[in-house]
Amino acid sequence: GEKRMAIWTGVFQVGNKIYIPFQSGDGSNNWGGNFTTTDTTYIGIFSYPELEFEKTIKDGRGSHIGNWWAQQGLAVDDKGDAYVWFSANEASLASKNKSGFLRIKKGTDEFDKDYYFDIESLGNGKIARGSYLKDDKFLMTIYNKGQQAEGVGGGLVKLYIVDIQTKKMTEIKEIPAHEQQGYKDVVF
């Protein structure tokens, strides 16, 4: 009713729910149109396996989770907590917020107001892609500072191991800066 359209970026099972992160578009074309906000993180929550809509949660500390149906941007850790990450892209998807992580504690279906990991302020750049490994560790591709391409793809990235509890990141120096992959952080 507000002339908006949800542009899905992935579908993830979190416990007995389905989480669908989305971007808000104005509905002006088949792809969702122009973005109506870049300063909010949105997730639609559905029951599983019934797939009945339950609610939408949002948080003004973040930005778009993932991008263009890339099936990345959300992961569940070994404890059952869900973590989302966002680039807070430059250029066409610019956000006033910093690139980082938010958490949804197991069984809550709400963003944890006590957790925000501002990865961008560590000085290495913005998040491009990521994958959960184990023991609070993620493998993340981080845009080289100032080398992010226009829009949602492209640009030079480096690989890092990111610890979501200590809020520290360690560069994988053996792998040089390289072009960002289209959907995942690395190609194996």
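Helices (H or I, at least four residues) and strands (E, at least two) are DSSP runs, numbered from the N terminus. By that convention P49 sits in the loop between strand 4 (41-47) and strand 5 (53-59). A cis peptide bond joins Y48 to P49, with omega at about 15°.

The model is predicted: local features need pLDDT of at least 70, side-chain atom pairs count only at pLDDT 80 or more, and totals for chains, interfaces and linings use all residues. Residues are numbered from 1 along each chain as its sequence is written, and side-chain values use heavy atoms, with hydrogens and water left out.

The protein chain has 14 strands and zero helices. Of its 188 residues, 51% count as buried, where buried means under 20% relative accessible area, exposed over 50%, and partly exposed in between (1.4 Å probe, protein chains only). The chain exposes about 9400 Å², and carbon and sulfur atoms supply 52% of that area; accessible areas come from the Shrake-Rupley method with a 1.4 Å probe, and for residues only the protein chains shown count as cover. A contact means heavy atoms within 4.5 Å. Among the contacts in the protein chain with a separation of 6 or more, 47% are between residues 24 or more positions apart.

The interior comes next. A nonpolar core is a set of buried Ala, Val, Leu, Ile, Met, Phe, Trp, Tyr and Cys residues joined through side-chain atoms within 4.5 Å. The largest such core has 16 residues, of which F101, I119, F138, M140 and V162 touch the most other members. At least two residues each are supplied by strand 7, strand 10 (127-134), strand 11 (137-148) and strand 12 (155-163). Strand 11 gives the largest share of this core, three residues. Apart from this core lies another, of 14 residues, including F12, Y19, I65 and V84.

A salt bridge is a side-chain nitrogen of Lys or Arg within 4 Å of a carboxyl oxygen of Asp or Glu. By this rule the count comes to 11 salt bridges. One of them joins D109 and K17, with the closest N and O atoms 2.7 Å apart. D109 lies in the loop between strand 8 (100-104) and strand 9 (116-118) and K17 in strand 3 (residues 17-25), so the pair ties together parts that are 92 residues apart in sequence. Both D109 and K17 are buried.

The loop between strand 8 and strand 9 also holds E110, which pairs with K55 of strand 5 across 55 residues. K55 is partly exposed, at a relative accessible area of 27%, and E110 is partly exposed at 40%. A further salt bridge joins D59 and K113, the closest N and O atoms being 3.5 Å apart. Here D59 belongs to strand 5 and K113 to the loop between strand 8 and strand 9, 54 residues apart. D59 counts as buried at 2% relative accessibility, whereas K113 counts as exposed at 59%. Salt bridges that share partners join K17, E54 and D109 into one network.

The side chain of D81 reaches the backbone nitrogen of K106 at 2.8 Å. Not counting residues up to four places away in sequence, D81 touches A75, V76, R103, I104, K105 and K106.

Two loop residues have backbone angles to note. D136, in the loop between strand 10 and strand 11, has phi near 65°, a positive value in a residue other than glycine. K167 is not a glycine either, and its phi is positive at about 60°. K167 is placed in the loop between strand 12 and strand 13 (168-171). D136 is buried, with a relative accessible area of 17%, while K167 counts as partly exposed at 30% relative accessibility.

Technical notes:
Polar contact = N/O pair within 3.5 Å; in protein donor to acceptor, adjacent residues only side chain to side chain.
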